[in-house]
Amino acid sequence: MNGAAARGRGWLIYAFVTVAFWGVWGAFSGLSAQRGFPDTLVYCVWALTMIPPAVIVLAQAGWRLDRSAKAVAHGLAIGVLGAGGQMMLFYAVSRGPAYLIFPVISLSPVVTIALSFLLMGERTGRLGVIGIVLALLALPTFDFAPGSGGGGGWLVPALLVMLCWGVQAYFMKAANHIMSAESIFAYMTLSGLALMPVAWAMTDLGMPINWGWDGSALAAAIQLLNAVGALTLVFAFRYGKAIIVAPLANAGAPLVTALLSLIILGVVPGPLKMVGIVLALLASLFLALEPDAEDPDVAEAAA
């Protein structure tokens, strides 16, 4: 993860790696819970799987961790917003249907785009605008299914998750101008680990828990994909504009998940999801072709 790798359209490579890893993770993320390993413990496993990639990139960076007050504040803000959003997600899904909650959460790039536009002055060309609009239209379709929504106790938590993850992505981009991507990921890892006791406390330890290979070990293998995808997303934000990276990653990953579910799991998407697949494909194409997607400040520094 060095400056040379960032030259040209390196941000796009990192973004597509995130899309691939998160897409595969999304297709199989529910398996461990279906086999008796609770979602709250899946969080704990995810936090632990963040350690290996964090150690690897810090070692490559010579174990240099940015420790200025500004760097620590940005790093912990990114970590707490991400992990806290995950905690809030557990609360939301216990009170409402996932098919309504996840479309709300999937609109987090709207927050990132607005903040990047207003506070960092990021702009994009015509292709980028078309891609952003198509991505935002595609996102809710991947998790939407008609049905009764039950109570309304899930809406506020879902909106808070959307806000947390949207603001997190903005801070991830802003932090890349004052600290290394390796340090950002290290602070994300530390924040995730710090919230493990909360997830453990939320777990009903009186219920049977599958600690076997098809439970906890399966969760570790799946969540490692999530962790590596988070790492490459940090580097995508470092070298690319947040206004482009956020919608590309958030539309592309569900696209891969839907295609894998179709090919491997035999799950045939409904008409609305098929529309979403087409929109996401077009969005990815336009965003990838946008010539103004690279961050000029970081690109100049990497040259």
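The questions and answers below look at a few helices and residues of this predicted model.

Me: How far apart in space are Ser191 and Leu81, C-alpha to C-alpha?
Reply: Ser191 is found in helix α11, residues 181–194, and counts as buried at 5% relative accessibility. Leaving aside residues up to four places away in sequence, Ser191 touches Tyr43, Gly75, Leu76, Gly79, Val80 and Ala83. Ser191 and Leu81 are separated by 110 residues in sequence, while the distance between their C-alpha atoms is 9.0 Å.

Me: How many of the 22 residues of α14 are buried?
Reply: Helix α14 runs over residues 242–263 and reaches 31 Å from its first C-alpha to its last, close to the 32 Å expected at 1.5 Å a residue. This helix is largely enclosed by the rest of the structure, because the number of its 22 residues that are buried is 16.

Me: What is the relative direction of α4 and α5, roughly parallel or roughly antiparallel?
Reply: Helix α4 (residues 39–49) and helix α5 (residues 51–60) pack with their axes 5 Å apart and at an angle of about 15°. Angles under 35 degrees count as roughly parallel, so α4 is, relative to α5, roughly parallel.

Me: Which residues of α5 make the contact with α4?
Reply: The residues of this contact divide into five nonpolar, one polar and no charged. On the α4 side the contact is made by Ala47, Leu48 and Thr49, and on the α5 side by Ile51, Pro52 and Pro53.

Technical notes: Residues numbered from 1 in each chain as written. Predicted model: local features only at pLDDT ≥ 70, side-chain atom pairs only at ≥ 80, totals over all residues. Heavy atoms only, no water. Helix = DSSP H or I, 4+ residues; strand = E, 2+ residues; numbered from the N terminus. Expected span 1.5 Å × (residues − 1). Buried < 20%, exposed > 50% of the residue type's maximum accessible area, 1.4 Å probe, protein only. Contact = heavy atoms within 4.5 Å. Axes fitted to C-alpha atoms, helices over the stretch in contact; angles between N-to-C directions. Parallel < 35°, antiparallel > 145°, perpendicular 65-115°, else oblique. Nonpolar A, V, L, I, M, F, W, Y, C, P; charged D, E, K, R; others polar.
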